[in-house]
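Here are a few exercises to work through with the model open beside you. Try each task before reading its solution.

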Amino acid sequence: MSEVALGVLASGPAADAVNRLVPQLVADRFASRLFAKDPTLWGPDAESEAAIRLSWVTLGRTSRPLLGEVAALRDHLAEQGIDHVVLCGMGGSSLAPEVICATAGVELTVLDSSHPDSVRSALTDRLDRAVVVVSSKSGSTVETDSQRRAFQDAFTQAGLDPTQRIVIVTDPGSPLDKEARADGYRVINADPDVGGRYSALTAFGLVPSGLAGVDLEQLLDEAESVSDLLADDDEANPALRLGAAMAGTQPLRDKLILLDDGSGIPGFADWAEQLIAESTGKNGTGILPVVVQGGSQQDGDPDPEVTTLSPAITVARIVPDVADADGREDAADEGFGTDRVREALPTGSDQSRSESSQISVSGSLGAQLLLWEAATAVAGRILGINPFDQPDVESAKKATRGLLDATDTPPDPAAFVDGAIEVRTLGGAWLDGATTVGSAVDSLLAQLEPRHGYVSIMAYLDRLADADLAGARRTIARRAQAPTTFGWGPRFLHSTGQYHKGGPATGVYLQITAAPRADLAIPGRDFTFGDFITAQAGGDAQVLADRGRPVLRLHLTDHDAGLAQLTRALGLHPKPGSVTGPVAGA
């Protein structure tokens, strides 16, 4: 097994947190107890849940039996000319395989949407060569069930046996497990003692990735090679230091900016976002990950969150090598092994008291998957929360079900209509006389809490066809002078959606929906995909409003015209030479 190194470097307030908290974590034997699956580490309220959620610490070893099964299935499918792998899943079930395959450079089609246009696109793409992996831990995820029904019908209509084209990944004994086995589908069970967002190295991550052609043995080798390091009760333990840097700053810097800085692990920040947000965002606290897409001071177009000195922000860079990030080519000769955590500045120096709080992390994909999972568990202990539950996710699901039961009820009237966009507001009377989309956005941003507020853009659109809209994140961050997240609905509901409802009440929310180009039926259901995503958006907005969060809902009545109008209103493509400032405060 090849040795895989990890590097974590912290500076400023993040380094101060490391120095203050890690010695106590070592004294408490947190790391060794975590890897011994001790469920008492997060207090009595979390013990019952933790007792059935800690098997992820040994997956580098215990997932090995899957390798032969997945390889044999891939060979069997290849003999039949089946080489197009589609994954239907949500949250960790989709984000982990997405980053695993992107890092390996192999193709995987991920369908984690209920948008009719997204589903239709997947259904019509090389169906004759497709194998579909349907992943659902609970076996009752409505998005995944709807996608499964659509593919079953599509295969049947094409004269193909769906039982030979669909592979089910679920927990043993789930409703989907029982139904699929009874109907003759191939079922691969995942470890039931691992939560969805920690499931990267279970069947949920490995089956679709292996079928797509990823070297799973290498991935597990990378994770297993660092397990002893992460289980060590030592102040050099990277997980202890990363967790302390994320969650231990005083006062808490609760916005963690995730920046891929040439790591070679494309999409890792999106996976880490759902892990951290859903694990920590509860009980009025938590860490909000903010994924930024790059742009450095050297190229003249940095993300505003990266250059700010806001007291709410820590910037975490995922880099090829922390020694290079530190600017010290001889770092390995200074007594710091490449698998150790290093701090750029000694605590107490004038520079360490700077407002800039920074973390740099490097390592292979398998090693970093285990590192960030362990660090998130550390963060949960520091914050005093249970990192394995998601108490506020169900509220949006319940609201969605209520709206699906009332699909014949017309929507609430718009506050006003501007061109091809209907404007609605929830969460208070804050519109302040706005009559255009641009002024409504200004009114929303005026509700921001000046030091710790954030903006969330939630787009219930086709994330592939409408991908350019993600550029609004940087534009709004500059306009609002606040950290800004961007999420595709319903994908983000299984990620930052938990933080929105369970974390600090400091966010403002911009929701974007659109009439689909054409609706799509869900076989066996009395609602369509269009009905479903409309209910998901409406349910989430209502739950946010019920908790006092301001929500601006923009509905594009004509997709193309509305999107063009919205792009102009948001200033998505500023004129060359326009002046925009960095985030001054969050």
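**Exercise 1.** In this predicted model, find the bridge partner of alanine 316 in β11.

*Solution.* Start with the strand that holds residues 313-318, which is β9. Next, go to strand β11, residues 358-363; four bridges join β11 to β9, and the two run parallel. Within β11, the partner of alanine 316 is isoleucine 359. As a further check, look at valine 315, which stands opposite glutamine 358.

**Exercise 2.** Decide how many residues of β9 and of β11 are buried.

*Solution.* A residue counts as buried when its relative accessible area is under 20%. In β9, five of the six residues pass this test, so the strand is largely enclosed by the rest of the structure. In β11, six of six are buried. Checking β11 face by face, Gln358, Ser360 and Ser362 are covered on one side, and Ile359, Val361 and Gly363 on the other.

**Exercise 3.** Describe how helices α5 and α10 pack.

*Solution.* Two packed helices are described by the angle between their axes and the distance between the axes. For α5 (residues 65-79) and α10 (residues 203-212), the angle is about 35° and the axes are 9 Å apart. The crossing is right-handed. From α5, the contact uses Leu66, Val70, Leu73, Arg74 and Leu77, while α10 brings Ala203, Leu206, Val207, Gly210, Leu211 and Ala212. Sorted by type, the contact residues of α5 and α10 are nine nonpolar, one polar and one charged.

**Exercise 4.** Classify the ring pair of phenylalanine 30 and tryptophan 42: what are the distance of the centres and the angle of the planes?

*Solution.* The whole structure holds 12 aromatic pairs. In this one, the ring centres are 6.1 Å apart and the planes stand at 90°, so phenylalanine 30 and tryptophan 42 are edge-to-face. Phenylalanine 30 sits in helix α2, and tryptophan 42 in the loop between α2 and α3. Both phenylalanine 30 and tryptophan 42 are buried. Finally, Phe30 and Trp42 belong to one aromatic cluster with Trp56, Tyr198 and Phe388.

Notes
Residues are numbered from 1 along each chain as its sequence is written. This is a predicted model: local features need pLDDT of at least 70, side-chain atom pairs count only at pLDDT 80 or more; totals for chains, interfaces and linings use all residues. Side-chain values use heavy atoms; hydrogens and water are left out. Buried means under 20% relative accessible area, exposed over 50%, partly exposed in between (1.4 Å probe, protein chains only). Two strands pair if DSSP finds at least two bridges between them. Axes are lines fitted to C-alpha atoms, for helices over the stretch in contact, and angles run from 0 to 180 degrees between N-to-C directions. A crossing is left-handed if the near helix is turned anticlockwise from the far one by less than a right angle, and right-handed if clockwise. Contact means heavy atoms within 4.5 Å. Ala, Val, Leu, Ile, Met, Phe, Trp, Tyr, Cys and Pro count as nonpolar, Asp, Glu, Lys and Arg as charged, and the others, Gly among them, as polar. Rings of Phe, Tyr and Trp (its six-membered ring) pair if their centres lie within 6.5 Å; planes under 30 degrees apart count as stacked, over 60 as edge-to-face and the rest as tilted.
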